[in-house]
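Colleague: I am learning to read a protein model, and I would like to go through it with you feature by feature. Could we put it on the screen and begin with the aromatic rings?

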Amino acid sequence: MARGRQLVWLALVLGIVLIVVAIVYWAEPAKSLPSFFPGHQAGSNHHHVKHGIAALLLGLACFVYAWFRSGGPRQRGAAV
Amino acid sequence: MPISYGQAIVLGLLQGVSELFPVSSLGHSVILPRLLGWHIHQNDSFFITFLVATHLATAIVLFGFFWRDWVRILRGIGRSLREREIAPGDTDAKLGWLLVVGTIPAGILGLLLQDKLRSVFASAQYAALFLIVNGLVLFGAEALRRRAPEPERGDPDERIGRRVSWRDASGVGAVQALALIPGFSRSGVTMGGGLLVGLSNEDAARFAFLLATPIIGAAAALKLPELFGPQGNGVRGPALVGAICAAVTAYLSVRFLMRFFETNRLTPFAIYCVAAGVAASVYFLL
């Protein structure tokens, strides 16, 4: 049970981080991205919109996982 | 005009058929212009814009063909989100989430690798070689299939939900990224993947077409601004004609294939891919 709750928190944190990453990809050109980001390229003004969409999709997937993992019959049974 | 109306009709008709038949639409779009001596290259911006329109038409036809299924699937997803669980026996919700799980890896790989793969494997020679490999993959999938090729009764969605695990769905979805390489077929590799995880040909085809719809539609929608922007100048007319042709042949193809796979296998397409790939390779060598 404790492990399940840890996974929910992990998914939530990961989801938030990925959505922040998506925003960074959309807001910053390739030259301004942190060097450990895929797509970082010195001197490039290209915006990696697709990388941002990919990060957003993964972030949403993490939220959906947390939503299912923290709900369901067990949760309702505990509430009763 | 970079693409004539005649070329648009031929390429549109070809796109509608080859996108859904497991024979690689991109591969054919690369090989055929070269065989006919047309000055159309798959990385030409006008050709990419043209392909956006034909892909969008194919996605709309697929969505329309499975319209009732999509309504059920989307309701199932909504129901499971409200209840925060996939109820046992809720086939629509299970199938819906299998499609989501299959689409995510394909979408991410496609977004990240599309441009790189297309630029590396842009030549018609590569496409012909990969068409041969695609045929071998189809042969392999039939040889390694888990379920004997026989007609099945009952609800296909229930069978898919029962036989495809989450891991299977993500694996089958991820192999769709192979279709970014000209010569590999999206529907071919997903149907092959379906056979390997225990689906029949009929169910594998259904799962492949449902899985393809959001990916093809989203990929086309992402590039739609190019069609209506300056890049689309001079291409919009042929693109519209090509899209209509693609829609017609896509509809006929999906209708035919759903019946075909009730009793038939991938083998004829495997033979075609190997034969066409070998013939094209020899032609390019001479």
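Colleague: Which residues do ring pairs link into a cluster?

Modeller: Please keep in mind that this is a predicted model. In chain B, ring pairs join Phe21(B), Phe256(B), Phe260(B), Phe261(B) and Phe269(B) into a cluster.

Colleague: How many aromatic pairs does the structure hold over all chains, and how is such a pair described?

Modeller: A pair of aromatic rings is described by the distance between the centres and the angle between the planes. Over all chains, the structure holds 18 aromatic pairs. One of them is formed by Phe47(B) and Phe50(B), whose ring centres are 6.2 Å apart and whose planes are at 10°, so the pair is stacked.

Colleague: Where do Phe47(B) and Phe50(B) lie?

Modeller: An α-helix has 3.6 residues a turn, so residues three or four places apart point the same way. Phe47(B) and Phe50(B) both lie in helix α3 (residues 45-65) of chain B, and they are three residues apart, about one turn of the helix. Phe47(B) is buried, with a relative accessibility of 1%, and Phe50(B) is buried as well, with a relative accessible area of 1%.

Colleague: What are the centre distance and the plane angle for the rings of Tyr126(B) and Phe130(B)?

Modeller: Their centres are 6.1 Å apart and their planes are at 20°, so this pair is stacked. Tyr126(B) and Phe130(B) are four residues apart in helix α6 (residues 124-144) of chain B, which means that about one helical turn separates them. Tyr126(B) is partly exposed, with a relative accessible area of 38%, whereas Phe130(B) is buried, with a value of 16%, because buried means under 20% relative accessible area.

Colleague: How do I read the length of a helix, and what does α5 of chain B reach from its first C-alpha to its last?

Modeller: Helix α5 (residues 91-120) of chain B has 30 residues and reaches 41 Å, close to the expected 44 Å. A kink of about 55° in α5(B) is centred on Leu113(B). Of the 30 residues of α5(B), 21 are buried, so this helix is largely enclosed by the rest of the structure.

Colleague: Where does α10(B) bend, and which proline follows?

Modeller: The bend in α10(B), of about 40°, is at Leu222(B), and Pro225(B) follows within four residues. Helix α10 (residues 201-228) of chain B has 28 residues and reaches 39 Å from first C-alpha to last, close to the 40 Å expected.

Colleague: Finally, which residues make the nonpolar surface patch of about 490 Å²?

Modeller: That patch is made by Leu240(B), Ile244(B), Val248(B), Tyr251(B) and Leu252(B). Val248(B) belongs to helix α11 (residues 236-263) of chain B and is partly exposed, with a relative accessible area of 46%.

How values were computed: Residues are numbered from 1 along each chain as its sequence is written. Chains are lettered from A and ligands numbered from 1 in the order in which they are written. This is a predicted model: local features need pLDDT of at least 70, side-chain atom pairs count only at pLDDT 80 or more; totals for chains, interfaces and linings use all residues. Side-chain values use heavy atoms; hydrogens and water are left out. Patches are made of residues with over 30% relative accessible area and no salt bridge: like charges are joined within 9 Å, nonpolar side chains (Val, Leu, Ile, Met, Phe, Trp, Tyr) within 5 Å. Accessible areas come from the Shrake-Rupley method with a 1.4 Å probe; for residues, only the protein chains shown count as cover. A salt bridge is a side-chain nitrogen of Lys or Arg within 4 Å of a carboxyl oxygen of Asp or Glu. Helices (H or I, at least four residues) and strands (E, at least two) are DSSP runs, numbered from the N terminus. Buried means under 20% relative accessible area, exposed over 50%, partly exposed in between (1.4 Å probe, protein chains only). The expected span of a helix is 1.5 Å times one less than its number of residues. The bend at a residue is the angle between axes fitted to the seven residues ending there and the seven starting there. Rings of Phe, Tyr and Trp (its six-membered ring) pair if their centres lie within 6.5 Å; planes under 30 degrees apart count as stacked, over 60 as edge-to-face and the rest as tilted.
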